[in-house]
Each structure stands twice: as C-alpha cells, then as structure tokens.
Amino acid sequence: WGAYCRVTSAICPPCSFIIYMKQTIITILIAFVPVAGQGQVRCHVIGTVAEGTTPIELKIYRDGEDPKNSTLQPVLKNGRFECDVEDAQIERWHIVDLGEVMENGMTLRSGEFFVEDGATITIRLDGDKFDIQSSGKEYQAWHAMEQAAEVKFRPAYEQLDDNDKQKMAELEDEYHQWTIDYYKAHPMLGFLFELDGRLKGFHFNDTGLAAMLDIYHRQYTTLYPDHPVHQRIAEREAWGYQICGRKYNDYNVRTMDGQQVRASEYYKEKLTLVICWASWCSPCIRDACDIIPIYNEYRNRGLNVFSLAHEFKSTDAMRKSVERHAFPWLCLVDLDDEFGVFRKHGTQNSALFLIDRDGTIIAVPNSIDELKEKLKEIFPDNK
C-alpha cells in the first residue's frame, strides 16, 4: 500500500520534496475517537485539517498492514480529530486518505509517524500535504534527516531541466550517497524501519539497497537489539533477492520442456544478461526483440544471455512468442510461481540483470539505451 500513495525520501530522488497537488474542497463535520490495539507503547495523536480541505476517509495503520483492515478511522469534528495509538514496541505507522485512493486510484495524502511511548503526534492536513510533528526522539531524528535533505537538494532539483537526464542522474546519485553518509553519522531506528520496508517491497532497481545492508551489518545490528525489526530484516534478506551490487543468488527453474535446472548452469563464470519477461507483457517482448541485435553484436565478445518467463497455466503462449520472435538465447520459465523466481527478482514481468563473471550483479538497466551504454563500458571499441 505504501507504493501507491507516497514517495519515500530515502529511496526516491529529491523531486519527492516538491510534488504537491493543490485542490480545494469542502470540510466535513463528523466525530469519532478510535483506540488501537493492546500494547506496551502508546502515543497520542492530535489531528487538524485546514479550512477548505476535505479528506474522504482517513485511515491510520501499522507499517506492513492493509489500511483497509484498520479500525483506526479518524473522522473530523470541527476540523479536528484525536486518538491514542498503541503497539508492543516502537513501530512505524501511517496515515492515508484511503477514500481518495478508492475513488481516484492514488493519493498524495499520506504520511508516517513512529509510535513512541508518551509521545504526542500532531498531524495537519492542508490540501494534499500532511505535516507531522512528534515529541518522540526517534521520529525527531528521522524528521531531521528529511528536513536536512530538503534544504540541501530541493533548490538544485528545482533548477533542473526535465530533459537533462544526465544531471538528474548525477543529482540522484549525490542524494543517495548523502543519505548513506547521514545514516552512518546519525544512527537511528528510522534506518531500520526504512531497510525493513525496502526489503519487504523489494524492487529490482533499488540500487541503494546493497549499501544499506552493508551499513546495517557493520553498524546497526546492536541498535535496539531486541526489536523484532532485526528478525524481519534477517528473514527478508535470507529470501534471496537479486540485489544490484551483491551476488546473483542461484535458484531452481524449468526449461520450456519442463526439466528442472539450476540457473547457475547458465551464468556461472560468464558475463550474463538475464532478461525477465512474460508472453502477456508487450513492453517486455519489445525490449527482448531490441536486445537480439545487441546480443548478436556482443555474443562473440563474451556476452551470455538467457531469459526467464513469468507464465501461468501453460507455456503455450510463451512457446509461440519465442518462435515468432526467434529469440536466440535459452528461454527458461517459472510457471505459476513454482519457484518464486520473479519475487526474488523484484518484478512481475520486465527487468534486466547484468551479472559479472564473478557472479556479482553489476547493473540493472532500466532501458535498452542504458544496457547499450553499460555494454560499451565493458566492451570498448578499441579493445
């Protein structure tokens, strides 16, 4: 649910600081004061809504839970609501306008806070922006990082030309490195929550995840050592995600003829491009077709390729597509998610993974052009 409605500053580029949609609607006046759960940690939430702003259906929910199932539904009286939120330990919680999601398919009305014992959380909704403050020290540490990032990166981002992809990429790289350095210098529980969330919602192009895991193992395992977030991180890290900058994890998969094989048979000690695709995904097929001439250009220089298809019920459509487009590489398949291959790759269909000869994922190109540029680095024309 987090992905559809919010941009997390620790993951996304500095543009997350300036995406504010403005609209004017009427205020509603109804009353309800909910209390969450039975726990050892309790905070008090005081919420207000600016005049001219009307939430449709606010929901407060615990990180990782479905907001539709939450019983915490703040409803306004005279533009104000209050509630207590309890948990077994300090955890990250969210507030979202679920009604707007249901009506429009998305919302910018989303925010987060930490349930810290004795803390007072003040939440103000103005237009599409939640302003959240807390007396809790861990949230204050987290919020201080967000504020520092906004001061540093927002002016530079506002000056960018939308068409200048190189400068955008450079700014994003600078932002991500700044975030990593900040986490190193300012240990905080918010880092653990962020890492937990990114592992849970793993996506193949989260290229900063490897650095976060490195920091975690060097510096953070002793921070709140009894907190269950450590167990969650360990369980999700053990799942075998294909994380850029780390080793490509081996797995079982099948050939089109149904034979079970190990993926390592096809990438070990080879520079390998793995193409994730599906017969029901038109953009995937277009990309695969565009890779054929690239493969033909570099195959004799050491580029190895195989593809993984995400299919359901049968491989008939996959076979037809492979034959129609004459894919020249080995085509493997995970039928009906038998081996969870695509979850490990952080995608449902399209993705590219470039694996070095030592088994390290060195790139996850987001486009065919990015793939071409990376291969030019690896295979310079003068060599």
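Biologist: Hi! What kind of model is this, and how are residues numbered?

Modeller: It is a predicted model, where local features need pLDDT of at least 70, side-chain atom pairs count only at pLDDT 80 or more, and totals for chains, interfaces and linings use all residues. Residues are numbered from 1 along each chain as its sequence is written, and side-chain values use heavy atoms, with hydrogens and water left out.

Biologist: Great. How many disulfides does a search of the whole structure find?

Modeller: The search finds one. A disulfide here is a pair of cysteine sulfur atoms within 2.5 Å. Cys281 and Cys284 are the two joined, with 2.2 Å from S to S.

Biologist: Which hand does the link of Cys281 and Cys284 have?

Modeller: That link is right-handed, with 75° about the S-S bond.

Biologist: And are Cys281 and Cys284 buried or exposed?

Modeller: Both are buried. Buried means under 20% relative accessible area, exposed means over 50%, and partly exposed is in between (1.4 Å probe, protein chains only).

Biologist: What about Cys276?

Modeller: Cys276 is in no disulfide, and the nearest cysteine sulfur, that of Cys284, is 8.9 Å away. Cys276 counts as buried because its relative accessibility is 3%. Cys289, by contrast, has 25% relative accessibility, so Cys289 counts as partly exposed.

Biologist: Where does Cys276 find its bridge partner?

Modeller: In strand β14, where the partner is Ala351. Strands (E, at least two residues) and helices (H or I, at least four) are DSSP runs, numbered from the N terminus. Strand β11 (residues 271-277) runs antiparallel to β14 (residues 351-355), with five bridges joining them. Two strands pair if DSSP finds at least two bridges between them.

Biologist: What order do the strands have in the open sheet of seven?

Modeller: The order is β10-β9-β13-β12-β11-β14-β15, and the pairing is mixed. At the edges stand β10 (260-262) and β15 (361-363), each with a single partner strand, so one side of each is left without a neighbour in the sheet.

Biologist: Which strands does helix α8 touch?

Modeller: Helix α8 (residues 282-298) packs on the sheet and touches β11, β12 (303-311) and β14. Contact means heavy atoms within 4.5 Å. The direction of α8 makes about 165° with that of β11. For such angles, axes are lines fitted to C-alpha atoms, for helices over the stretch in contact, and the values run from 0 to 180 degrees between N-to-C directions. Helix α11 (residues 368-378) also packs on the sheet, touching β11, β12, β14 and β15, and its direction makes about 5° with that of β14.

Biologist: New topic! How many aromatic pairs are there?

Modeller: The count comes to 19. Rings of Phe, Tyr and Trp (its six-membered ring) pair if their centres lie within 6.5 Å; planes under 30 degrees apart count as stacked, over 60 as edge-to-face and the rest as tilted. The ring centres of Phe327 and Trp329 are 5.5 Å apart and their planes are at 15°, so this pair is stacked. Phe327 and Trp329 are both buried.

Biologist: Which residues form the aromatic cluster?

Modeller: Phe204, Tyr248, Tyr251, Tyr267 and Phe353 form one cluster.

Biologist: What sits over the ring of Trp239?

Modeller: The charged end of Arg343 does, 4.0 Å from the ring centre. A charge sits over a ring if NZ of Lys or CZ of Arg is within 6 Å of the ring centre and within 35 degrees of the ring normal. Lys152 lies over the face of Phe153, at 5.7 Å from the ring centre.

Biologist: Okay, strand β2 next. Which side chains point to the buried face?

Modeller: In β2 (residues 41-49), Val41, Cys43, Val45, Gly47 and Val49 point to one face and are buried.

Biologist: How many bridges join β2 to β4?

Modeller: Eight bridges join β2 to β4 (residues 80-87), and the two run antiparallel. Ile46 stands opposite Glu82 in β4. Strand β7 (residues 120-126) runs parallel to β2, with six bridges, and Gly47 stands opposite Ile123 in β7.

Biologist: Last one: what is phi of Asn78?

Modeller: Phi of Asn78 is near 55°, a positive value in a residue other than glycine. Asn78 lies in the loop between β3 (58-62) and β4, and Asn78 counts as exposed because its relative accessibility is 61%.
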